[in-house]
Amino acid sequence: MPEHIYFDWNATAPLRPEARAAMLSALDATGNPSSVHAAGRAARRLVEEAREKVAALIGSDRREVVFTSGGTEANTLALSPQLGETLLVSAIEHPSVGSGGRFGTLEEFPATSSGVADLAALEDMLKNRTRPLVSLMLANNETGAIQPVAEAAALVHAAGGLLHVDAVQGPGRIACDFKALGADLMTLSSHKIGGPQGVGALIVRDGLVLDGAIRGGGQERGMRAGTENVAGIAGFGAAADAARSGLGSEAPAITALREKLEAGIKAVAPGAVFFGAEAARLPNTTLFSVKGMKAETAVIAFDLEGVAVSSGAACSSGKVAPSHVLAAMGVDPALSRGAVRVSLGYATTDGHIGTILKAWEKLSKSLYKAGNQQEIAA
């Protein structure tokens, strides 16, 4: 079996060494963060130190950080009828937003063929709406397309509404400033930046009042009851600190590797299509397809060569289903069925790119043998 090389960072990033060390240390803290004795205060200190680091990553105040069990819970918490009378979400949102959260019902505004939210359509939908709550992601998890969040915020606020931003794919990859973006609420996820799974945060703008979906002892300012996951939160904080420190140096190097990857894919299959390439994208993400290729077959073929890629979002319990993102972009279903996502990270090397391109060349040859020569070369 060849060496396993990981190209699925958008699904979950490998645990950073800093996060592992912080978690192991925190596991020795036996106190409950809500207890007033010394052991409890020590645990509380770990939580609050992590809160400071997460706040620093996205330029918020520490009191605006509410820890949750992950991005899905944070999205559900944010999408509350308490914050608006109608919910408008883009057609390319993660399923945890597309489900409507605590609203249950929603209206979608479309995306363009480049995978960017259509703000003209949003502006039109905002007319005659009372207290709208709008949700628009910072960057798409499948295509990597960066969304016009600040512009959307201006439209939403002019209409008397609030803006929620699902930012789980952004921090550590692109600059992400809560205040500069104009967001009222923002979702973060630990494992997308190299922290542990099962921890996330909702950033709630100072002054907003939000009832918790989970009630109990009043933890997290009453917005998320339950004893805090101290070790997980400590790991989240350490990962946030490392991601903020590495942003300036990691992004340019990762962008160069992605460009080499896409050039190599195109050299083997000139007909390859890169979705969202017309828009500004996350530096680490490429989603591509060629006619005649099936995503599930390609993912398995890559895996047999020791390369881990995905067919898109890893949010459907391992199921390969048509991409709602590509459907919203108007992509031909025959092409979207072959979409493969390759996502890189700070540990990706030039040698790793060489390995995946060798695997791609082998896969392409098998497609040629299957009789798709004209489609691949088109």
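## How α1 and α8 cross

Helices α1 and α8 cross in a right-handed way; a crossing gets that name if the near helix is turned clockwise from the far one by less than a right angle, and is left-handed if anticlockwise. Helices here are DSSP runs of H or I with at least four residues, strands are E runs of at least two, and both are numbered from the N terminus. The model is predicted, so local features need pLDDT of at least 70 and side-chain atom pairs 80 or more, while totals for chains, interfaces and linings use all residues. Residues are numbered from 1 along each chain as its sequence is written, and side-chain values use heavy atoms, without hydrogens and water.

The axes of α1 (residues 17-26) and α8 come within 8 Å and cross at roughly 150 degrees. Axes are lines fitted to C-alpha atoms, for helices over the stretch in contact, with angles from 0 to 180 degrees between N-to-C directions. The pair is therefore roughly antiparallel, the word for angles over 145 degrees.

## Who touches whom

On the α1 side, the contact (heavy atoms within 4.5 Å) involves Glu18, Ala19, Ala22, Met23 and Ala26. Among their partners on α8 are Val230, Gly235 and Ala242.

## The sheet beside α8

Helix α8 (residues 230-268) also packs on a sheet, touching β9, β10 and β12. The direction of α8 makes about 10 degrees with that of β10.

This open, antiparallel sheet has three strands in the order β9-β10-β12; strands pair if DSSP finds at least two bridges between them. Its edges are β9 (273-274) and β12 (340-343). Two bridges join β9 to β10 (residues 285-289), and Phe274 stands opposite Phe288 in β10.

How values were computed
Angles under 35 degrees count as roughly parallel, over 145 as roughly antiparallel, 65 to 115 as roughly perpendicular and the rest as oblique.
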